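Hi,

Here is the structure I promised to pass on.

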Amino acid sequence: MTPQHIEAKPGSGRIGIVHLGLGAFHRAHQAVYLERYRQRSGDVDWGVCSANLRSSIGLVDGLAAAGYRYHVAEYADSQHLALREIGVIEEALFTGRDSAGNWGRDREALLARMASADTRIVTLTVTEKGYFLNPASGDLKSDDPMIAGDIASPRQPRTAPGLLVEALARRHEASIAPFTVLSCDNMPDNGKRTRQAVVQLAEHRDPALARWIANDVAFPCSMVDRIVPAMTDADFERLAALGVNDANAVVCEAFSQWVVEDCFPMGRPSWEAEGVEMVADVAPFETMKLRMLNGSHSLLAYLGALAGIETVFDGVNQPDLRALLRRYMLEEAAPTLDMPDGVDLTGYADSLLERFGNDSLRHRLQQIAMDGSQKLPQRWLTGTLARANAGQASPCVALGMAAWIRYTVGEDLLGSGYAVDDPMAKRFAELHCKHGLDAAALVTAFLAMDDIVPSGLAADSAFTKAVHTFYQTLIQDGLAGALAVLERS
Ligand code: NAI
Ligand code: CS2
């Protein structure tokens, strides 16, 4: 295979966008759209300063060492690959904790960038937990130690909301118009939720500042989609075989989608020419993607991980799991959606199954299973509550919830252990410790966590009974037994 190879276009060094969360997704999604925009339009002024607030300092320094150039390998399948060199990141900064335990190496540099009048947009991919919101209510978790730290020391912020508040305060004091804040994380109403986090944090500091942010700062919502798994050694070896020795490279699928609410008072690149859908209301697309794509991902992640299945590709190629995902999408997710005319949800479900079957991606189920407490409300539970209120059963989600609860034990059904990576992992461990020998009490305790499970759903006896039944079946008869029960329901 000779891949199509597209070189980066050199920039002018001007930075118009600051990004928080220099992870795999930013490098393979927003940066790629900007590189394509730069190549097509010749406008080299929308350079990016990309920062990591947590992990990893290695990527930040590695990018600098590589002259801020890296590669994105876009695989349609194992035979079709486009290799892009990306050059839009002009600067990379690190504000997290280094190996010596010191915080904020580049914090001042980042805040200066964000406060500069040249910065017109701040984008974010800090994961759902990086907003420090109660997943069910969307309110700021003011008692979280990181947020409490930013309340106590607002001029030395450590969190994304804290950096946004401090940078906006500096602009306000200097009478510089605010930047637009564009969340690119998989959250429902991600713009509104980001505003909520920032305004609620600002209220602790200065109610007038909070009012200014609430009234004058634009927080458009966006729906983002591209499967970008964490890199594996095998991915690096595959690229090396193609002559690409790049420690900062990312592998992803060829498909990419970005739907953005068109509200950028300070201007923006003309992304629409690159296929970005600039719309008035993102909500239907965002909900569709969260419930159908991400909802299926989570279902496969917990059931598959419990059965020792490693990747999405391996799982979706098992006929019973593929059938489960299709049933979940068509019978439990699609009916909860209110889409504009012309959207074919059956076609969408089938296209997702095809994407999951991409033979060039090793998307680990353990990666998707991470942070379930932050993901399940929007992926499964809000839609399931609406169905419960209408008297409709959701057996696939009930099975998924049982699998998630069992997953949080930290050991699969075959006895292999793994780390439960979730900001609420400590609480889960306490519940397992307390109720480990009493499955019914354990399930009841998990369903009573009202910052994850909406109270209306926890009070729905048909749903809770189904979760209890599936949990018992999973531990007694394994995945096959649970799928057999599902087939009969
Ligand atoms: P990654 O693991 O490569 O990067 C995660 C980024 O989030 C890092 O920059 C990390 O420093 C930062 N982060 C984590 N916790 C944080 C916290 N508490 N505060 C501040 N920053 C924090 O993950 P990746 O693939 O870049 O995904 C990040 C997010 O992008 C996802 O959580 C999701 O919301 C969104 N996304 C990812 C897609 C994918 O396929 N990878 C596709 C669509 C959206
Ligand atoms: C996945 C998503 O990690 C996860 O939870 O469901 O990151 C998924 O790969 C993307 O949303 C695809 O756009």
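Start with Met223, which stands opposite Val259 in β11. Strands here are DSSP runs of E with at least two residues, and helices are runs of H or I with at least four, both numbered from the N terminus. β9 and β11 (residues 257–261) pair in the antiparallel sense over four bridges; two strands count as paired if DSSP finds at least two bridges between them. The open sheet they belong to has three strands in the order β9-β11-β12, with mixed pairing. β9 (222–225) and β12 (277–279) are its edge strands, each pairing on one side only. On average, neighbouring strands are turned by 15 degrees against each other, direction ignored. α10 packs on this sheet and touches β9 and β11, its direction making about 35 degrees with that of β9. (Contact means heavy atoms within 4.5 Å; axes are lines fitted to C-alpha atoms, for helices over the stretch in contact, and angles run from 0 to 180 degrees between N-to-C directions.)

Before the ligands, some housekeeping. This is a predicted model, where local features need pLDDT of at least 70 and side-chain atom pairs count only at pLDDT 80 or more, while totals for chains, interfaces and linings use all residues. Residues are numbered from 1 along each chain as its sequence is written, chains are lettered from A and ligands numbered from 1 in the order in which they are written, and side-chain values use heavy atoms, leaving out hydrogens and water.

α10 (283–306) turns up again at ligand 2, where α10 and α15 (372–389) each supply at least two residues of the shell. α10 gives the most, with four. A residue is in a shell if one of its heavy atoms lies within 4 Å of the ligand. Taken alone, ligand 2 exposes 340 Å², and the protein buries 88% of that (Shrake-Rupley areas, 1.4 Å probe).

Ligand 1 has 23 residues around it, with Ala24, Phe25, Asn52, Ser55 and Asp185 coming nearest. An oxygen atom of ligand 1 is 2.5 Å from an N or O atom in the Asn52 side chain. On the backbone side, a ligand 1 oxygen atom is 2.4 Å from a polar atom of Ser55, and one is 3.1 Å from a polar atom of Arg226. The protein covers 84% of the 820 Å² of accessible area that ligand 1 has on its own.

Cheers

Notes. A polar contact is a pair of N or O atoms within 3.5 Å; within protein, one must be able to donate a hydrogen and the other to accept it, and residues adjacent in sequence count only if both atoms are side-chain atoms.
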